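Me: I've got a model open and some labels on it that I'd like to pick apart. Can you walk me through the reasoning behind them?
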Amino acid sequence: MNELRDILSQGAQMSLVLGLAPLLTGFVRKVKARLLRRRGPPLLQPYRDLIRLMRKDVVLADNASWLFRVIPYLIFAGTWVAASLVPTFGNGLLFSWTADLIAITALLGSARFFQALAGMDVGTAFGGIGSSREVMIASLAEPAMLITAFSVAMIAGSTQLPTVAEFMGSDAVGLRVSLGMAFVALTIVALAENARIPIDNPATHLELTMVHEAMVLEYSGRHLALIDLSSQLKLLLYVSLIACVFLPWGTATADASVARLALGALVYLGKLTALGFLLAVFETAIAKMRVFRIPEFLGAALMLALLATLLRFVSGSL
């Protein structure tokens with residue numbers, strides 16, 4: 001009976017992140033439109049776009065290889081698995097032992113590698129530009145992500161997200177300067193990884209500045225739907241990761257009742273709403289920076305993560 005309950009809880013988390021990812025994207029778009037005094041698209045528009053793309057036929061270039069056809073499925077699978085590993089409404093679920101910060105970073109890095117490879121497969125100019133820019137951003141974002149994970153692991157004593165969430169929710173944490181630095185570094189990495197402002201603007205398709213959209217210009221139909229859904233899952237993943245590490249309160253335990261798990265799901269929805277609203281406000285208040293300034297922006301995340309690690313290493317109480 002307990003095994004069935006654990007399987008159902010893990011399946012509910014996987015279904016929850018898959019179902020909420022388009023809703024989070026639609027919510028951020030809606031809030032941004034309201035802040036700009038526009039009506040904006042409907043809240044459920046991302047679901048409609050995905051359904052519309054799934055119904056369309058796939059148009060492939062003549063020189064597209066078999067890898068170009070397979071990559072959307074690989075990206076979706078890797079991103080969905082990574083998003084499902086992050087604790088959402090419950091802590092200590094069936095596959096929580098695999099919810100490691102290093103493993104999640106590796107899954108996202110693999111998905112990024114395949115996406116950059118797909119951008120260069122057809123041989124278009126825009127695909128090559130987008131892939132080169134994506135690799136440039138990844139070369140700075142991934143070290144910052146790993147060092148941030150190390151700084152959090154030095155405080156919590158583990159890279160396992162259930163252990164980190166349990167420790168961060170206890171009274172033993174308190175206010176730490178290193179945690180504040182790690183939070184800012186992870187936020188900058190999340191903006192860069194999701195191609196959000198000020199790194200990239202997901203609402204435009206300007207050829208000279210776009211990064212993510214340049215790699216997927218040749219995709220259509222269900223392939224484009226899978227890539228769009230993967231991008232939405234990635235945004236949900238980073239928002240859930242920030243909530244899990246720095247806002248772990250309200251998460252149910254593994255042996256909690258069904259009512260407690262439902263309460264944990266409501267608390268998780270509240271966290272997504274608050275963080276999505278803050279993301280929309282931030283993107284409305286700031287402008288997109290030039291491509292040549294992106295290394296400086298990500299360099300700040302890397303330095304903050306390094307300072308957090310050194311501060312924790314030198315003084316264990318900070």
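Me: Why is F277 called partly exposed?
Reply: F277 has a relative accessible area of 39%. Buried means under 20%, exposed means over 50%, and partly exposed is in between (1.4 Å probe, protein chains only), so F277 counts as partly exposed. Bear in mind that this is a predicted model, where local features need pLDDT of at least 70, side-chain atom pairs count only at pLDDT 80 or more, and totals for chains, interfaces and linings use all residues. Residues are numbered from 1 along each chain as its sequence is written, and side-chain values use heavy atoms, with hydrogens and water left out.

Me: And what makes L278 exposed?
Reply: Its relative accessible area is 53%, so L278 falls in the exposed class.

Me: Which residues make the nonpolar surface patch?
Reply: L35, F277, L278 and V281, covering about 330 Å². Patch members need over 30% relative accessible area and no salt bridge, with nonpolar side chains (Val, Leu, Ile, Met, Phe, Trp, Tyr) joined within 5 Å and like charges within 9 Å. A salt bridge here is a side-chain nitrogen of Lys or Arg within 4 Å of a carboxyl oxygen of Asp or Glu. The areas come from the Shrake-Rupley method with a 1.4 Å probe, and for residues only the protein chains shown count as cover.

Me: Which helix gives the largest share of that patch?
Reply: Helix α10, residues 258-285, with three residues. Helices are DSSP runs of H or I, at least four residues, and strands are runs of E, at least two, numbered from the N terminus.

Me: How far is L278 from V28?
Reply: They are 250 residues apart in sequence, yet 8.9 Å apart in space, C-alpha to C-alpha.
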